2 protein chains.
Amino acid sequence: MKIDPERFLCDLHELRKIGASGIGKGVIRPAYSDADIAARKWLAGRMSDAGLRVHFDPVGNLFGLAEGPSILLGSHTDSQPEGGWLDGSLGVIAGLEVARAAHEAGGPAVSVVSFQDEEGRFGVTTGSAVWSGQTELQAADLMTDHDGVTFAEARARMAEYASGFVDPEQFKSYIEMHIEQGPSLDSSGDQIGVVSDIVGIRDMRITFKGQQNHAGTTPMHLRKDAFQALSAFNVEINDRLADIVTPHTVWTIGHVALHPNASSIVPGSVTFSMQWRDADADRLAEMEQVIRTTANGVSDKTGMSVEFGALLWLEPQTMDANLRLALEAGAKAVAPEKWRTLPSGALHDATNVARLMPVAMLFVPSIGGISHAFDEDTKEADLIAGLKVLGSAVTHLSN
Amino acid sequence: MKIDPERFLCDLHELRKIGASGIGKGVIRPAYSDADIAARKWLAGRMSDAGLRVHFDPVGNLFGLAEGPSILLGSHTDSQPEGGWLDGSLGVIAGLEVARAAHEAGGPAVSVVSFQDEEGRFGVTTGSAVWSGQTELQAADLMTDHDGVTFAEARARMAEYASGFVDPEQFKSYIEMHIEQGPSLDSSGDQIGVVSDIVGIRDMRITFKGQQNHAGTTPMHLRKDAFQALSAFNVEINDRLADIVTPHTVWTIGHVALHPNASSIVPGSVTFSMQWRDADADRLAEMEQVIRTTANGVSDKTGMSVEFGALLWLEPQTMDANLRLALEAGAKAVAPEKWRTLPSGALHDATNVARLMPVAMLFVPSIGGISHAFDEDTKEADLIAGLKVLGSAVTHLSN
């Protein structure tokens, strides 16, 4: 099989024009927008030209199907409201090029997919979540975007193209190529990242309730200041987590809502988000325990109350060992000394697809670690290296 | 002169009915609202009945003027959007009763005032600020409330009653009686507080700018997390201020705005309020220095930038020694062993009036330290004790 980097880059730039935010910039292609649907129709044409059978499912997932049992490659072509040109598109177009080359060579059988709403206009990785059974279609249909549009209304925009759900049994495995969206490869100077795991995520709202009061007349020693409780919690949680984390573990307080949030009032309560991610489910559970204990300790010490919101979570997903070996063999051949394994801190469709078949992912660097922004970019040489590793892995798996 | 506690309580409860939030509850009488204007018209009638000459000035300050050089007593009758029944009203009605009793007794000459917009629908203590020259009328006219109504438009609602500004030269001194609005007297069990100083205030917005990023893909050691900078600043400022403050000094971070304030994004910037109050101007300046140095230190250590907003301030105001002696004599007589001196952590009209004449304040307890809330209250015995101290001080000053 002879993959063609020029043809791949040409398609990638063609797709970039649909919903472009400007020449040489990012894209505006939220799920089910005119631009997203136009991109999928264009892609369907390219799939057909590549000898694949085009199939839209009821939620707008677009498959280019090879005959018989095949390897599935792909990602998504919808974007954030202000998205980069490579996020999702890279994995789809790389998959298309490999499938096309394979078809031209008379094998192996390679199918391609662009999942719908990976970027979460409605839920989280909605298209692959429904297809994989992670989320029921009936439940998804009730989800709404920020404007109150339901998923059912949105997917009806693509109803004219839709057939039934594709039977996953025809696929032997799934490989998703993606930009890293973080700085690890860019800062280490590596060209290829073979993903070890997609991290699990836990997200919980925590509320400290103290006593709202006058910021002039309330002496310091009589205050029950919710911001001070949050600050004390933050210091203690940073200390205590340091003992149990790895260099890949992350935790974030990204959302803070003080009440009443006025400069002359001692804040009476604060609700904040505590989010943590790791590739190991046991570590995630241990961190949860430490977080709850620490928050309870702070509330005891300060005479305040603490409330924990619902825990949102997705389990970590370990990549399939065989698929990883194939990707590593490709990486060694294409980018010797310039590849490494790393976990994915971002979520991807692969997490859902893992319910159905073995999955793996490979990353190429994001310049400056930038993603979900118009100025997201990757060096052309790295894009081509990734394509070659993907092609090599497919060949490896078919031998 | 024979002051009458029953008459005083009766007037206080009459006033409570105007703009009442419910029977036996607080009041809704923001400056220039229908209820505020109705309360002022009612008060003008009571002043007139008490033998005082009624005078509204161009901003709605209401004076009940005695003949010749007089002592001025009062406070304000406007309220917070959800105000207590005593905040401001107590000082005005106590002043009315003392003036009425003095008039009946044929002297001394006592005038009464209800300043307008003490609660800051537009500025800060706006009515007394304009009258005292702290704020120019032209500048005040441009101020707007949260709905975009200008001060000029609001005060036009009272234009039909308005004459010119009252000449302050006719007043020998100003005494303001007020509820404490804090917990000091309530917790010590004292009945009377003679105010030593009204604290000065400094308020400054501080912004840390780091780097907004993905909360999954950005390793901890590469983050420039604005919330972490705020937390580090808070811990350090608490430590460093501890060395230079008194038990009466307060400092507060009451307003926090993270950006973009989303649980899955490492916050790129935070703007927060830093407010501090003390009765000593030198200490306020020293605290400012420590705050700036600490914020700069945090930004240096974390590789972030820091910006300081405009410094808002009012200088501390020491109460007049002679007036204090008169109040202390009254307190010793009325509430022996149950009075003390204390600073005022809240701002009052007296700060502005001090530009024009000697001023002093006396406090009665707030139950539970509650104020700026419908359930603000004070024991009846404490209200009467305060009235008696005020009357005693006026007699003392006139002998």
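Between which helix and which strand of chain A is Glu337(A) found?

Author: Glu337(A) is in the loop between helix 10 (321–334) and strand 15 of chain A. Helices here are DSSP runs of H or I with at least four residues, strands are runs of E with at least two, and both are numbered from the N terminus. Before going on, some housekeeping: this is a predicted model, where local features need pLDDT of at least 70, side-chain atom pairs count only at pLDDT 80 or more, and totals for chains, interfaces and linings use all residues. Residues are numbered from 1 along each chain as its sequence is written, chains are lettered from A and ligands numbered from 1 in the order written, and side-chain values use heavy atoms, leaving out hydrogens and water.

Back to Glu337(A): its phi is positive, about 65°, although it isn't a glycine. Most residues other than glycine have a negative phi, and most peptide bonds are trans. Glu337(A) counts as exposed because its relative accessible area is 75%; the cut-offs are over 50% for exposed, under 20% for buried and partly exposed in between, using a 1.4 Å probe and protein chains only.

Asn261(A) also has a positive phi without being a glycine, near 60°. Asn261(A) sits in the loop between strand 10 (256–259) and strand 11 (265–266) of chain A, and at 23% relative accessible area it is partly exposed. Over in chain B, the loop between strand 10 (256–259) and strand 11 (265–266) holds Pro260(B), and the peptide bond from His259(B) to Pro260(B) is cis, with omega near 0°.

Now for the annotated spot. An unreviewed UniProt entry lists Asp87(A), Glu119(A) and His372(A) under "binding site". They are spread over 286 residues of sequence yet cluster in space, with a largest C-alpha distance of 9.7 Å. UniProt positions are in the numbering used here, feature names are shortened, and annotations may be inferred rather than shown by experiment.

Glu119(A) lies in the loop between strand 4 (110–115) and helix 4 (126–132) of chain A, and is buried at 15% relative accessibility. Leaving out residues up to four places away in sequence, Glu119(A) touches several residues, including Asp87(A) and His372(A); contact means heavy atoms within 4.5 Å.

His372(A) is in the loop between strand 16 (359–364) and helix 12 (380–398) of chain A, and is partly exposed at 33%. Its side chain makes a polar contact with the side chain of Asp87(A) at 3.3 Å. That term means a pair of N or O atoms within 3.5 Å; within protein, one must be able to donate a hydrogen and the other to accept it, and residues adjacent in sequence count only if both atoms are side-chain atoms.
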